Amino acid sequence: MSFAQDTKNDLCAIPCRRKCCRKAMLYGILSAANTFRPDRIRLMTENERTSETVMRLLKECSVKGNLYISEKKSGEQRSNSYKITVASLQDCQTVTNAIGLSPDFRCETIDETIFHCQDCFRHFVRGLYLSAGTIKDPKSGYQLELVFNNQSLSESIASLFEAQGIALKSVARQYSYVLYAKESETIEDFLTFIGAQQSALAIMDVKIYREIRNQANRQNNCETANMFKMTSSAQNQIRAIRWFIDADLFDTLDEDLQVTALLRLENPDASVQEIADMHTKSVSKSGVYHRLQKIVTLSQKKQKE
């Protein structure tokens with residue numbers, strides 16, 4: 001079962017106790033249906049729970065919708081497609097009357113007088129999502145979409161969303177008009193608003209996992225860079241010390257420099273702090289570092305002479 005299907009299943013399982021809210025949800029579902037006219041209703045979905053919800057809401061309107069189930073194959077995977085129709089003019093008018101729409105309603109605009117209580121709009125948006133919504137699995141990215149086949153309807157819903165503080169962007173794709181969000185916070189807020197808290201929490205979990213993984217990667221990269229820097233510095237120091245030895249100039253170094261140089265040669269992989277701890281006479285990490293750097297500087301200067 002995909003993340004998108006799970007989200008719709010969770011939404012269909014939410015109780016809707018007020019009659020006005022159930023009508024608002026049916027209005028949302030039908031508004032985004034393939035066909036929603038005074039004389040014909042047609043909805044296609046790949047989610048079984050959505051089809052069951054629509055049939056139940058139609059039955060409450062005293063209308064028996066026609067349900068057609070067809071099987072689709074994609075390689076070895078099989079899935080069902082559900083088509084619900086209300087074909088007779090009388091039944092379509094019964095549905096629209098039950099919702100509270102006028103006989104000559106326009107499907108391109110949303111009739112806000114349908115929303116009778118403070119929760120009606122929430123259920124309406126839930127219905128829109130069940131009919132037109134899809135969401136990407138957060139493990140592969142963040143994207144939520146509502147896809148409509150009518151530009152005026154898309155713009156009407158976008159305006160309604162904006163007035164309610166739901167920030168979705170819009171784009172036209174061939175014969176469809178899409179309201180979408182790619183920001184995880186916006187998607188989480190939208191899902192929470194329509195009641196899909198489990199899906200919202202799943203996105204948060206993925207975000208937390210990614211943040212922890214990215215932090216670990218950054219720390220590992222930092223440690224690797226520091227190790228490379230330390231190794232490169234040690235190699236320069238050893239190269240300078242060997243130059244003094246090969247040039248028979250090692251005895252020209254101060255006694256303190258000679259002691260530190262020999263410890264570095266004997267311990268090429270040791271850190272500066274570890275070399276400082278090896279000295280019989282107390283010397284700080286900073287002191288050892290400056291001694292080794294002085295050796296490198298002197299070797300470079302003498303090689304140019």
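## Helix α4 and its neighbours

The buried residues of helix α4 pack against α2 (19-31), β1 (35-37), β2 (40-45), α3 (48-60) and β4 (77-86). Helix α4 itself covers residues 89-99, and its buried residues are Cys92, Val95, Thr96 and Ile99. They sit on the same side of α4, because they cover an arc of only 90° around the axis. The arc is that of the directions from the helix axis to the C-beta atoms. Buried means under 20% relative accessible area, exposed means over 50%, and partly exposed lies in between (1.4 Å probe, protein chains only). Just after α4 comes Gly100, with a positive phi of about 110°.

This is a predicted model: local features need pLDDT of at least 70, side-chain atom pairs count only at pLDDT 80 or more, and totals for chains, interfaces and linings use all residues. Residues are numbered from 1 along each chain as its sequence is written, and side-chain values use heavy atoms, with hydrogens and water left out.

## The whole chain

The chain has eleven helices and eight strands. Helices (H or I, at least four residues) and strands (E, at least two) are DSSP runs, numbered from the N terminus. Along its principal axes, the C-alpha trace spans about 110 × 45 × 35 Å. The radius of gyration of the chain is 35 Å, while a compact globule of 305 residues would have one near 19 Å. That radius is taken over C-alpha atoms, and the globule rule is 2.2 Å times the number of residues to the power 0.38.

Of the 305 residues in the chain, 41% are buried. Now take the contacts in the chain with a separation of 6 or more: residues 24 or more positions apart account for 65% of them. Contact means heavy atoms within 4.5 Å.

## Helices α5 and α7

Helix α5 covers residues 120-132 and helix α7 covers residues 184-194. Their axes come within 8 Å and cross at roughly 115°. The two helices are therefore roughly perpendicular to each other. Axes are lines fitted to C-alpha atoms, for helices over the stretch in contact, and angles run from 0 to 180 degrees between N-to-C directions. Angles under 35 degrees count as roughly parallel, over 145 as roughly antiparallel, 65 to 115 as roughly perpendicular and the rest as oblique.

From α5, the residues Phe121, Arg122, Val125, Arg126 and Tyr129 meet Phe190, Phe193 and Ile194 in α7. By class, this contact has six nonpolar, no polar and two charged residues. Here Ala, Val, Leu, Ile, Met, Phe, Trp, Tyr, Cys and Pro count as nonpolar, Asp, Glu, Lys and Arg as charged, and the others, Gly among them, as polar.

## Helices α9 and α11

Helix α9 (residues 255-266) packs against helix α11 (residues 285-304) at an angle of about 95°. Their axes are 10 Å apart. That angle makes α9 roughly perpendicular to α11. Asp256, Leu257, Thr260, Ala261 and Arg264 are the α9 residues in this contact. They meet Val288, Arg291, Leu292, Lys294, Ile295 and Leu298 in α11. By class, the contact has six nonpolar, one polar and four charged residues.

His279 lies in the loop between α10 (272-278) and α11. His279 is buried, with a relative accessible area of 10%. Leaving out residues up to four places away in sequence, His279 touches Val259, Thr260, Leu263, Val288 and Arg291. His279 and Asp256 are 23 residues apart in sequence and 10.0 Å apart in space, C-alpha to C-alpha.

Thr50 lies in helix α3. At 0% relative accessibility, Thr50 counts as buried. Not counting residues up to four places away in sequence, Thr50 touches Lys8, Cys12, Thr45 and Leu130. Ser131 lies in helix α5 and is buried too, at 14% relative accessibility. Beyond its neighbours within four places in sequence, Ser131 is in contact with Ile29, Ala32, Ala33 and Leu43.

Gln293 belongs to helix α11. Gln293 is partly exposed, with a relative accessible area of 28%. Not counting residues up to four places away in sequence, Gln293 touches Ser233 and Gln237.

## Positive phi in two loops

Most residues other than glycine have a negative phi. Gln174 has a positive phi, near 50°. Gln174 is found in the loop between β7 (169-173) and β8 (176-181), and is exposed at 78% relative accessible area. Asp248 also has a positive phi, of about 55°, although it is not a glycine. Asp248 is found in the loop between α8 (197-246) and α9, and counts as exposed at 69% relative accessibility.
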